[in-house]
Amino acid sequence: MRNRNDALAAATSTQFGPGRALPAARPEEVGLSAERLSRIDTVFEAKVTDGTIPGAIVAIARRGRIGYCRAFGYRDRAKAAPMHTDAIFRIASMTKPFTSVAAMILAEEGRLQLFDPVARHIPAFAGVKVAADAAGRTTIAPRAEMTVQDLLRHTSGMTRGLSAHNPVGKLYGEAAVQSRDQTLAEQSAKLARLPLAYHPASVWEYSVATDVLARVVEVASGTAFDAFLAERILQPLRLADTGFHVPEAQHERLAEAPDETLVVGEPKPFDARRPAKMVSGGGGMVSTMADYLRFGQMLLDGGTLEGANILAPKTVAYMTSDHLGPIARGATPDAYIPGPGYGFGLGFAVRTAQGLAPYPGSVGDFFWGGIFGTHFWADPAEQLIGLLMMQAPSQRREFSRLTRMLVYQSIAN
């Protein structure tokens, strides 16, 4: 079942509120082939019909305008509620780019620096040690201090709270480091008492570091993290449906993941209908297609959108450059990220080679995704933003790559 919203209907200010959506265009006006775009329709309609996914939204913005946006299937399959282009999604780790931008706003203002030791902002980290045995009980001093840059690029030495592939991951699970029933301050204090899995700046491993970064933002700004995001990013960009929970009046817009799309051992979609004690900078936000396209367009345009200046162009260019170089990749289950042909910047995977990756793109494109099925990327060379909004955790990897191929094959000029 498909909700037939075309690009113009999806992007009009009437639907999304004044100034909220990017302007719409016919595909040909932004160098897309309408004929080839129909292949996206065919594939996603088939995947809904055969039950592979409950529903999704695919959107493409190019040269600053939305050239394609379609909603497919169900927002909530259990209720037979159709997907609409204004649906609200749990974006999980697509929260991380917001947190990274927040940190760089403070860096631009001189209120923190990337070379700052994390302990300068969170003193408890001054005593952090590195696990030295298979049980994680014997520890040694780190060879280098953990810095703010390490938090941004996932080289902090921390690991994931879901991960049992190393002893520290198991300790994270025992300590419930990713519980939503704690504040950022309480979580950071808990993490500072646990050992690191690696020496800082020695290994890239996807981790809870972005939650610690959110706490650094709180300390450096003197403002609650969610309030800082609202004041400095969400309100200036007019992202009215992006935040840490869905207000009661909007509950019927929330997309849901059917039980069979969940992944054993990974988190289930959180209750987004009520505020949580934890405003997770690593994965706690909700957003919409229109809002995330605006956020992505701000990045693609060098930090400014419609007169709202969030970051300087040189800062965005710096963030979307590779910051790993020869740093080794960890052995996490998410080692496929950033993947072949990609390094990692300050909040994003960054393409460093035209080939190698199992999907097309351009050198310099940058992306990130969320565990519940959302995915975005921005390609400066093509002036393009691609966006997949879906709540089907078990299908997130396949569909992020599938969407990439379908989008790039639609480019005509």
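**Close-up views of a predicted model**

The model holds 21 salt bridges, a salt bridge being a side-chain nitrogen of Lys or Arg within 4 Å of a carboxyl oxygen of Asp or Glu. The structure is a predicted model, in which local features need pLDDT of at least 70 and side-chain atom pairs count only at pLDDT 80 or more, while totals for chains, interfaces and linings use all residues. Residues are numbered from 1 along each chain as its sequence is written, and side-chain values use heavy atoms, with hydrogens and water left out.

**View 1. Helix H3 and its buried face.** Leu37, Ile40, Asp41, Phe44 and Val48 of H3 are buried (under 20% relative accessible area, with exposed over 50% and partly exposed in between; 1.4 Å probe, protein chains only). Seen down the axis of H3, these buried residues fall within an arc of 100°, so they line one face of the helix. Glu35, Thr42 and Thr49, on the other side of H3, are exposed. Just after H3, Gly51 has a positive phi of about 85°.

**View 2. The salt bridge of Arg26 and Glu29.** The side chains of Arg26 and Glu29 meet at 3.1 Å, N to O. Arg26 is exposed, at 52% relative accessible area, and Glu29 is partly exposed, at 35%. Together with Arg65, Arg26 and Glu29 are linked in a network of salt bridges.

**View 3. The salt bridge of Arg273 and Glu256.** The closest N and O atoms of Arg273 and Glu256 are 2.8 Å apart. The pair ties together parts that are 17 residues apart in sequence. Glu256 is buried, with a relative accessible area of 17%, whereas Arg273 is partly exposed at 29%.

Notes:
Helix = DSSP H or I, 4+ residues; strand = E, 2+ residues; numbered from the N terminus. Arc of directions from axis to C-beta.
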